[in-house]
Structure formats: structure tokens, C-alpha cells
Amino acid sequence: MSQQEQWRSKIGFILAAAGSAIGLGAIWKFPYVAGTGGGGAFLFIFLAFTLVLGMPLLLGEFMIGRMGQSDPVQTYGKLASKKWNIIGKLGVFTSFVLLSFYSVVGGWIILYIVKTLSGELNGLTQDQYGELFGKIISNPFSVIAAQLVFMLITILVVSQGIQKGIESASKVMMPALVFLFLILVIRSLSLDGAIEGVKFLLVPDFSKLTSESILFALGQAFFTLSLGVSVMLTYASYLPKTQNLPRSAISIIILNIVIALLAGLAIFPGVFSFGIEPDAGPVLIFAVLPAVFEQMPYGMLFFLAFLILFLFAAFTSAFSMIQIIVAAVTKNDPSKRKKSTWVIGILIFIVGVPACLSYGVLANVQFFNKTIFDLMDYAVSNILMPLGALLISIFVSWKISKEDLFNELKQGSNIGYVFFYICYFLLKYIVPIAIIIVFLDAAGLSDWILSFFK
């Protein structure tokens with residue numbers, strides 16, 4: 001692999017990988033699943049799952065990615081046999097589907113930024129904000145145009161390569177994201193009654209914890225770390241052997257947890273301060289938060305800052321999704337990057353158009369009682385990503401020798417065997433069981449299983 005297709009610095013890799021994880025999962029999905037899952041109790045379980053299950057799987061992807069030093073499809077066959085390349089192909093397909101509807105939400109963010117700058121969001125009631133959200137996402141021309149703008153920016157960045165494109169953009173967007181978040185958290189915590197929101201997020205009340213919220217936390221732990229689609233494997237394939245993999249994994253997990261906490265601290269104090277229920281669901285960001293910010297002095301300015309950091313997070317995740325596809329198609333040949341990125345990006349946009357119209361002209365087109373957008377989201381979050389994570393955990397722990405994995409992990413670090421053995425045991429036995437439970441939940445069988453433990 002040429003030097004051009006390697007990370008320029010250790011921090012560049014960490015910021016890019018963290019940016020992949022810190023996307024809509026941490027900022028959009030985490031607050032509303034925490035709100036519906038009981039707040040602090042959900043957070044406690046989510047943190048436990050992230051550390052106990054997310055860490056081993058993240059390290060697993062890092063190890064085989066750097067061992068293979070190849071594209072996400074060929075890596076598996078290179079380390080074992082070609083039949084295992086199906087895992088990489090599944091990851092490429094999942095990333096394609098994921099970005100096709102993910103870009104729709106990215107377009108919504110762009111539209112909200114435009115609406116905020118134009119003053120159209122000023123002075124509305126909470127009900128009016130909900131109506132406006134429905135009106136915005138049902139307008140076929142504006143949502144498609146916004147989705148196209150989101151994809152064009154993604155294409156332009158990724159077409160520049162690993163160093164000049166993804167790494168450079170991540171070095172700007174990630175620090176800016178944290179800085180904006182800190183400003184919002186400080187403002188949110190200064191509101192009267194904000195302490196109730198802090199207690200809701202940080203003080204566990206396990207009486208509010210249900211089997212459903214536990215399964216939510218389990219799925220969220222995988223989703224927010226971009227696990228199961230070989231994205232982290234792809235990013236690790238551009239690493240030199242001197243990179244400290246355990247330290248990188250810990251840094252990424254800490255950043256991911258910090259951003260999730262900041263998202264909660266930016267949102268819930270305001271929600272409680274103004275007497276709004278925290279379990280609003282997926283519309284929390286677009287239909288509820290504007291009503292919260294509207295009631296603050298200079299509220300729309302702070303809401304604009306929130307939307308900008310939200311957009312940055314969406315972009316850093318989108319970069320990683322399209323990168324895995326580009327790497328697979330080009331076989332990591334830099335000379336093919338620009339043309340391939342444009343072709344792939346436009347195809348993703350086209351496939352995403354039906355999802356974009358799911359709340360407008362195609363609202364009545366449903367499969368299994370789900371809109372096209374919801375069906376794609378369900379398929380990725382509940383089937384494709386868990387299946388990919390299951391296959392990767394099996395591949396790493398059953399097809400690669402324990403000695404080879406330990407030797408790979410030791411390169412660039414002085415990690416001890418005890419830490420490695422714990423991660424290896426979790427990856428080989430515990431992670432697959434946890435993922436199978438997610439599958440059972442998706443199939444509607446979780447209540448039946450959990451009844452045996454009551």
C-alpha cells in the first residue's frame with residue numbers, strides 16, 4: 001500500500017475513527033433511546049455494554065485490519081480462505097444501504113440550518129415545530145436537493161484521499177464538534193431546573209429499566225461504535241505497525257462516551273427546564289429541541305450551533321461509510337479513487353431517493369408496515385449490522401490463531417497478556433451470545449427468552 005493511502009498521524013486516525021463512531025448514533029439516536037429507556041439506568045447499561053462488548057469487537061476489527069493491510073473484502077480471504085470474503089461484501093452492502101438513508105437525515109440537518117438562518121424557526125410553539133418538521137420532510141424537491149448537497153460534500157472530501165480528505169476534514173470537524181458541544185452544555189446547565197435533567201441522565205433509577213431498554217442499550221453499544229460493517233477494519237488497514245491499537249481503541253471509546261454524555265447534557269437539562277417529556281422519540285432533535293432553544297435568550301443562535309455540530313458528526317460518519325465501499329472497489333489503488341468515489345456517491349444518492357420521499361409522495365408505499373426509510377433503518381440496525389458483528393467476532397476469535405492476534409496487538413504497545421486474554425474470551429464467547437440476543441429481539445422472541453429469567 002502506498003504511503004499516500006496511510007494516515008499522516010496517530011491523532012488523525014483516532015479523530016477519523018472516532019468521527020465514524022460519533023455520528024447520528026451518538027447525537028440523534030442516543031438521546032431519544034436514553035429518553036425512552038429510563039435515562040441514567042439506560043446510560044449505565046449502555047456504558048457497561050460499550051466497554052465489555054464494544055471494546056473487544058473494536059480491537060478485533062483493528063487487529064485483522066492492520067494484519068491484512070488490504071481492502072475490506074479481500075482482507076478476510078487473505079487471512080483465512082476466500083469464502084470468508086463474504087463478511088467484507090456484507091459490510092460493503094450494509095454501508096451502501098446505511099449511507100443511502102443516512103444521507104436523508106443529513107439533508108434534513110442542512111434544511112434546518114437554512115430554515116434557522118432565514119428566521120423561519122423563530123417564535124413557534126412546540127406543536128408548530130412538529131408540524132413544520134412534517135412539512136419539511138414531506139417536500140420532495142427540498143429534501144432531495146438537500147440530500148444531494150450532503151452527498152456531494154461527502155464525495156468531494158473522500159475523493160481527496162485518506163490524508164488530504166478524511167484525515168484533514170476530521171481534524172477540523174471533531175475539535176469543532178467538541179467545542180460547540182461544550183458551549184451548548186454550559187448554556188443548558190445554566191437554565192433554571194436544569195438539575196432535574198442532569199439527574200435524569202446521570203442518576204440511575206433501575207426501577208425504570210425494562211427488558212426492552214436493556215436490548216436498546218445492547219444494540220446502541222454496537223451501533224455507536226460503527227461495528228459490524230468492517231469500517232474500523234478498513235481504517236485500521238491504513239495503520240503502520242507502530243500504532244498502539246489498545247490505546248487507540250480506548251481513546252475512541254472514551255470520545256464516543258464523552259460525546260454521548262455531552263449530547264445528553266446539552267438536551268435533557270433544557271427539556272426538563274421547560275417541562276417537556278424526555279421520551280419524544282426520533283423527533284426529539286427536529287421537533288422538540290427547537291421549542292426548547294426558542295425559550296432561551298439567543299436560543300436560535302445556540303440551536304444553530306447544535307445543528308452545525310450535528311452536521312459535522314453526520315459527515316464524519318458518512319466519510320467512513322463511503323470509504324469502505326471505495327476501498328473495496330478500487331482495491332486501495334489511489335489512482336482509481338476520484339472516479340470511483342463519484343460513481344459510488346451518485347449511486348448511493350439515487351438509491352436513497354425513495355427513502356428521501358418516504359414521508360412525502362411515497363408515504364403510502366410500505367413493506368411490513370414500514371415506510372421505505374424505516375425498513376432500510378430496521379434492516380441495517382437490526383439485521384445487517386448485528387449479523388456483520390457476529391460474523392466478525394466468529395472470524396477473529398475462531399479463524400485467527402490466538403498467538404497471531406496477541407503478536408499483532410503487542411506491536412506498537414506493551415499490552416499484557418491478561419488484558420488480551422479477557423478481550424479474547426469476551427470476543428469468542430460473550431459477544432456472539434449478546435449479538436444473538438439482539439437478533440432474537442429483532443425477531444420478536446426476546447420477551448419469550450427473558451420470561452425464563454423472571
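1. Val149 is partly exposed, because its relative accessibility is 38%. The classes are these: buried means under 20% relative accessible area, exposed means over 50%, and partly exposed lies in between (1.4 Å probe, protein chains only). Val149 sits in helix 7, residues 140-158. Helices (H or I, at least four residues) and strands (E, at least two) are DSSP runs, numbered from the N terminus. The C-alpha atom of Val149 is 23 Å from that of Val329, and 180 residues separate the two along the chain.

2. A word on the basis. This is a predicted model: local features need pLDDT of at least 70, side-chain atom pairs count only at pLDDT 80 or more, and totals for chains, interfaces and linings use all residues. Residues are numbered from 1 along each chain as its sequence is written, and side-chain values use heavy atoms, with hydrogens and water left out.

3. Now the overall fold. The chain has 19 helices and two strands. Its radius of gyration is 21 Å, close to the 22 Å from the globule rule for 454 residues, so the chain is as compact as a globular protein of that length. That radius is taken over C-alpha atoms, and the rule is 2.2 Å times the number of residues to the power 0.38. The C-alpha trace spans about 60 × 55 × 40 Å along its principal axes.

4. Next, packing and surface. Of the 454 residues in the chain, 59% are buried. Take the contacts (heavy atoms within 4.5 Å). Among those with a separation of 6 or more, 83% join residues 24 or more positions apart. The chain exposes about 17,600 Å², and 67% of this comes from carbon and sulfur atoms. Accessible areas come from the Shrake-Rupley method with a 1.4 Å probe; for residues, only the protein chains shown count as cover.

5. Charges come next. There are 28 positive and 22 negative side chains, and the centres of the two sets lie 15 Å apart. Lys and Arg count as positive, Asp and Glu as negative; His and the chain ends are not counted. Each charge is placed at NZ of Lys, CZ of Arg, CG of Asp or CD of Glu.

6. How many salt bridges are there? The count is three, where a salt bridge is a side-chain nitrogen of Lys or Arg within 4 Å of a carboxyl oxygen of Asp or Glu. One of them joins Arg66 and Glu408, at 2.6 Å from N to O. This pair links distant parts of the chain: Arg66 is in helix 3 (residues 40-68), Glu408 is in helix 17 (residues 402-410), and they are 342 residues apart. Both Arg66 and Glu408 are buried.

7. Glu408 also forms a salt bridge with Lys241, with the closest N and O atoms 3.1 Å apart. Here too the pair links distant parts of the chain, 167 residues apart: Lys241 is in the loop between helix 11 (231-236) and helix 12 (245-273). Glu408 counts as buried because its relative accessible area is 5%. Lys241 is partly exposed, at 34%. Through shared partners, salt bridges join Arg66, Lys241 and Glu408 into one network.

8. Another salt bridge pairs Lys115 with Glu120, the closest N and O atoms being 3.4 Å apart. Are these two residues buried or partly exposed? Lys115 is partly exposed at 22% relative accessibility. Glu120 is partly exposed as well, with a relative accessible area of 36%.

9. Pro72 deserves a look. Pro72 lies in the loop between helix 3 and helix 4 (74-79). With a relative accessible area of 0%, Pro72 is buried. Beyond neighbours within four places in sequence, its contacts include Gly88, Val92, Ser230, Leu233, Thr234, Ile324, Ala327 and Ala328. The C-alpha atoms of Pro72 and Val231 are separated by 7.9 Å, although these residues are 159 apart along the chain.

10. Check the backbone at two places. Most residues other than glycine have a negative phi. Ser230 is not a glycine, yet has a positive phi of about 65°. Ser230 is in the loop between helix 10 (211-223) and helix 11, and is buried at 1% relative accessible area. Phe368, also not a glycine, has a positive phi of about 55°. Phe368 is in the loop between strand 1 (366-367) and strand 2 (370-371). Phe368 is exposed, with a relative accessible area of 73%.
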